[in-house]
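Take the structure below one piece at a time. Keep the strands in view as you read.

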Amino acid sequence: MNGFFAVYYREMMILRCRFLKMIASMAVSPFLYLIAFGYAMGKSVTIHGHTYMEFLIPGLVAMSSMNRAFVIGSEINISRFYWHIFEEFQAAPISNISYVLGETLGGITRAFLSVGIIIGLGLLFGVMIDYWNIMFWVAVFLNSFVFSSLAVGMAMMVRSHADQAMFTNFVITPMAFLGGTFFPVSRLPVWAQKIILLLPLTHASNAIRAASFGNPVDMFSYVILLGTGLVFFLIAVKVVSMARD
Amino acid sequence: MIRIEKLNKVYGHSHVLKDVSLHVREGEMFAYLGPNGAGKTTTIRILTGLTRLSSGDAWLNGFHVERETLAAKRQCGVVFQAINLDSELTVFENLTIHGLLFHMPLKERKQRINELVDYVGLSDKLNVAVSRLSGGLKRRLTIIRALMHSPRILFLDEPTVGLDASIRRRIWALMKKIQKNGTTIFLTTHYIEEAEFLAERVAFIDEGRVVAVDSPQALISRQGEWAIDLMMNDNIRSRYFRTKEEAKQYAEQQEDSFSFRRVNLEDAFLSLTGKKVK
């Protein structure tokens, strides 16, 4: 199991090398969303007694932690298909679970960094919500765990970097827009709500939003996120062997 | 030290390795010579746990590569054909990651890094990003990285491909030095002179089948000692002779242009397979 630290250490060293570039790129999209949707369009909009900006920030936290956790899959693909660094891990005496744990933690760390940036931007726009609520951070962690595990599993199964990009286009991007990020899911038709509730991001958005507004949290969302995360994690452990040809 | 018995690898309809059997002795420098696509890299990938075998068996220092994968992996270091270093990270960081992957404690890791960078003259580059190193230094770094955990066996997959002649010779010297310290070396190459200069024994592999295993000298002398290459209608035909005198006598009778040289491993490979190594 202790081989996971080597994998995580490498991810952290890479992160340190690219820190400023990564921070800047993590800040661009949320900043534009806050300007366009929060400041310009949503100025006079209130949802459930909160300004649109207050509504938007938890959604962006959910979306950004999902995106950034999922990016670990692209990083693995690049190191696997272009730099062949993955071979170094394959030739090392470490178990599949160590490898997946190291990479998953790498994805979670990136996700937490992106959340820190959104909180910073939110404060810049004068939005004060309950960032100190422990359930807010538990939901962020579980959301990152779900998508980081999914990304690691996907990275092991795909045969090229393009396959991973296609999955992002067809699954992650639609989820980012439909998973309760920019609008309340309750405004959609009931049949659509039922479908959208199958998405883990919807549960993450709901949980993060409830916690950041100081409302009672729905433990069902946490259970769904934990369960989905564990399933994806176990699948990822299983499919690491698929990367052997 | 390395034992391979009836090893087969099949990808779909392509039979890449066909009943390969080899035995590499402890402390030996063993070259695996064949043209591109012959199955050299596949053999190394199976032995190092990167590729599954289809049938047969292989052991590294007594550990089966499929049934005792982690223990077998601890026995060996691998230098891959591609330079697979983290170019953004420093020499020290690349070596540290390898040490952590092989569960080396902090003190031992630091001591080993210092020893190895001294060994190959990289001490002043310890904190330099790999992207700033030359091709030859990167290759040396991949070799010492594979030695970090003091493996009993070192696999080198085409370690000098793409390097210029002078750097290649420095890498050869390094490999000799590593072997002197007791490490068993399994080297794949398609450079004839590399196998001739370095290896104590050579295996020829062609289309997934091992066609001969012996010392370079024994393989060469199967053909003779001297060769005459005759230019015949845009084609080169070689004739082999036991002595220089026999070769000279033959040459004097020829009307076509010819060249006179010593027999090498390429000739041995050519006569066994009907094709050249490169």
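Predicted model: local features only at pLDDT ≥ 70, side-chain atom pairs only at ≥ 80, totals over all residues.

Which residue in S9(B) is the bridge partner of B:Tyr32? It is B:Ala203.

Strand S3 of chain B covers residues 29–33. Four bridges join S3(B) to S9(B), and the two strands run parallel. Strands of a sheet pair through backbone hydrogen bonds, either parallel or antiparallel.

S9(B) also pairs with strand S10 of chain B, residues 209–214. Here the sense is antiparallel, and there are five bridges. One bridge can be picked out by name: B:Phe204 has B:Ala212 in S10(B) as its partner. S9(B) and S10(B) form a hairpin with two residues between the strands. In this hairpin, B:Glu207 takes a positive phi near 45°.

Now look at how S9(B) is covered. The strand spans residues 201–206 of chain B, and six of its six residues are buried. B:Arg201, B:Ala203 and B:Ile205 point one way from the strand. B:Val202, B:Phe204 and B:Asp206 point the other way. Both sets are buried. So B:Ala203, the partner of B:Tyr32, and B:Phe204, the partner of B:Ala212, point opposite ways from S9(B), because buried here means under 20% relative accessible area on either side.

Chain B also holds an open sheet of four strands. Their order is S2-S1-S4-S5, with antiparallel pairing. The edge strands are S2(B), residues 14–24, and S5(B), residues 63–64. Each of these pairs on one side only. For S5(B), the neighbour is strand S4 of chain B, residues 55–60. Two bridges join S4(B) to S5(B), which run antiparallel.

A:Val28, A:Phe31, A:Leu32, A:Ile35 and A:Leu124 make a nonpolar surface patch of about 460 Å². Helix H2 of chain A, residues 19–41, gives the largest share of the patch, with four residues. A:Phe31 lies in this helix. Why does A:Phe31 count as partly exposed? Its relative accessibility is 35%, and partly exposed means between the 20% limit for buried and the 50% limit for exposed.

Technical notes. Residues numbered from 1 in each chain as written. Chains lettered and ligands numbered in written order. Heavy atoms only, no water. Pairing = 2+ DSSP bridges. Patch = residues over 30% accessible without salt bridge, like charges linked within 9 Å, V, L, I, M, F, W, Y side chains within 5 Å. Areas by Shrake-Rupley, 256 points an atom, 1.4 Å probe, with all protein chains shown as cover. Salt bridge = Lys/Arg side-chain N within 4 Å of Asp/Glu carboxyl O. Buried < 20%, exposed > 50% of the residue type's maximum accessible area, 1.4 Å probe, protein only.
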